[in-house]
Amino acid sequence: MNKSMLEDLKGKMPEVPGINGKEEYFNSAVLALLMLIDEEYHFIFQKRSAAIRQAGQICFPGGKFDPNKDADFKETAIRETAEELGVASDKISIIGTLDTIFSVMGTTVDAFLGVIDISSLDDLNINPHEVERVFSIPVSYFERTEPEVYQVSITANPSYINKAGKEVILLPAKELGLEEQYTKPWGNIMNNIYVYRVERVTIWGITARLIRDVIAKIKA
C-alpha cells in the first residue's frame, strides 16, 4: 500500500463506527411503542401469534430489515409496526433512537422509541397471522419495578453431533494449528437475562432490555 492508497483508505473510514460483521446476522428493527392513555403514557405490547417464530412471546412491534422496502432501520420499525398493528404509518412518530442490541443468538436489533396517535387500542386492526393480542402497561409500573436478573452460559463449540450421530467439525482447530483449548468447547460467558413479571405475563429477553434502557434514560 502506498501513500495515495492510504489517503484513499482514510476517506473510506466511517464518521460513526458501525458493527463489524453486522451483515452476517439476522438484522431487525423494533419500535418501543408508547401511547397516551388517561393522561399517562403506556408501553404497547403484543403477544406473538402461534403461527410464527417465537410464538406466544410478549414483544414490541418490529421485524426483519428488508433492503427492497426500507431505506434504513427506522423505516423497518415503522413499516413492521403499521403492518402488525393495522394502523396507518402517519399515526406513528419516532421520538429517538435507542441503543442497538447485539444478541449472542445471532441477531442485531436496531431499536427506536415511538408514539402511536390513536384514541384506543380498539382502533387497531391487528394482523392475526403475526399478532394474537395487544395490551398496554403504564410506563410508571416499570419506573417503580426493577427487573429480575438471571444468567445463561454461552459456550463456543468448534463441532457438534448431527442427527446421524456423526461429529461435524465447524472449526478445524488442529488443522489450522490453533491452541489445544480450541479443539473443545470454550468461553462459558455469562449473559444477563432481564425479566419483568406483570399482569400474568412474562416479559423478557430483548423486550425487557429495551424497557430497561428506556427507564434508565427516564431516570437519568
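Visitor: Is Phe65 buried, partly exposed or exposed?
Guide: Phe65 counts as partly exposed, because its relative accessible area is 22%. Buried means under 20% relative accessible area, exposed over 50%, and partly exposed in between, with a 1.4 Å probe and protein chains only. Please note that this is a predicted model, in which local features need pLDDT of at least 70 and side-chain atom pairs count only at pLDDT 80 or more, while totals for chains, interfaces and linings use all residues. Residues are numbered from 1 along each chain as its sequence is written, and side-chain values use heavy atoms, with hydrogens and water left out.

Visitor: Where is Phe65, and what is it in contact with?
Guide: Phe65 sits in the loop between S4 and helix H2 (73-85); helices (H or I, at least four residues) and strands (E, at least two) are DSSP runs numbered from the N terminus. Apart from neighbours within four places in sequence, Phe65 is in contact (heavy atoms within 4.5 Å) with Asn27, Ser28, Asp70, Asp72, Phe73 and Thr76. The C-alpha atoms of Phe65 and Phe26 are 8.5 Å apart, although 39 residues separate the two in sequence.

Visitor: Asp70 is on that list. Which side chain does Asp70 meet in a salt bridge?
Guide: Asp70 pairs with Arg79 at 2.8 Å, N to O. A salt bridge here is a side-chain nitrogen of Lys or Arg within 4 Å of a carboxyl oxygen of Asp or Glu. Both Asp70 and Arg79 are buried.

Visitor: How many salt bridges are there by this rule?
Guide: The count comes to 11. One of them joins Glu132 and Lys47 at 3.5 Å, N to O. Glu132 is partly exposed at 44% relative accessible area, and Lys47 is partly exposed at 24%.

Visitor: Now the rings. How many aromatic pairs does a search of the whole structure find?
Guide: The search finds 11. Rings of Phe, Tyr and Trp (its six-membered ring) pair if their centres lie within 6.5 Å; planes under 30 degrees apart count as stacked, over 60 as edge-to-face and the rest as tilted. Phe43 and Phe142 form an edge-to-face pair, 5.7 Å centre to centre with 70° between the planes. Phe43 lies in strand S2 (residues 40-48) and Phe142 in helix H3 (residues 139-143), so this pair ties together parts that are 99 residues apart in sequence.

Visitor: Are Phe43 and Phe142 buried or exposed?
Guide: Phe43 and Phe142 are both buried.

Visitor: And why is the pair of Phe45 and Phe60 called stacked?
Guide: The pair is stacked because the ring centres are 5.0 Å apart and the planes are at 20°. Phe45 and Phe60 are both buried.

Visitor: One more topic: Asp110. Where does Asp110 lie?
Guide: Asp110 belongs to strand S7 (residues 107-116) and is buried, with a relative accessible area of 14%. Its side chain makes a polar contact with the side chain of Thr100 at 3.3 Å. A polar contact is a pair of N or O atoms within 3.5 Å; within protein, one must be able to donate a hydrogen and the other to accept it, and residues adjacent in sequence count only if both atoms are side-chain atoms.
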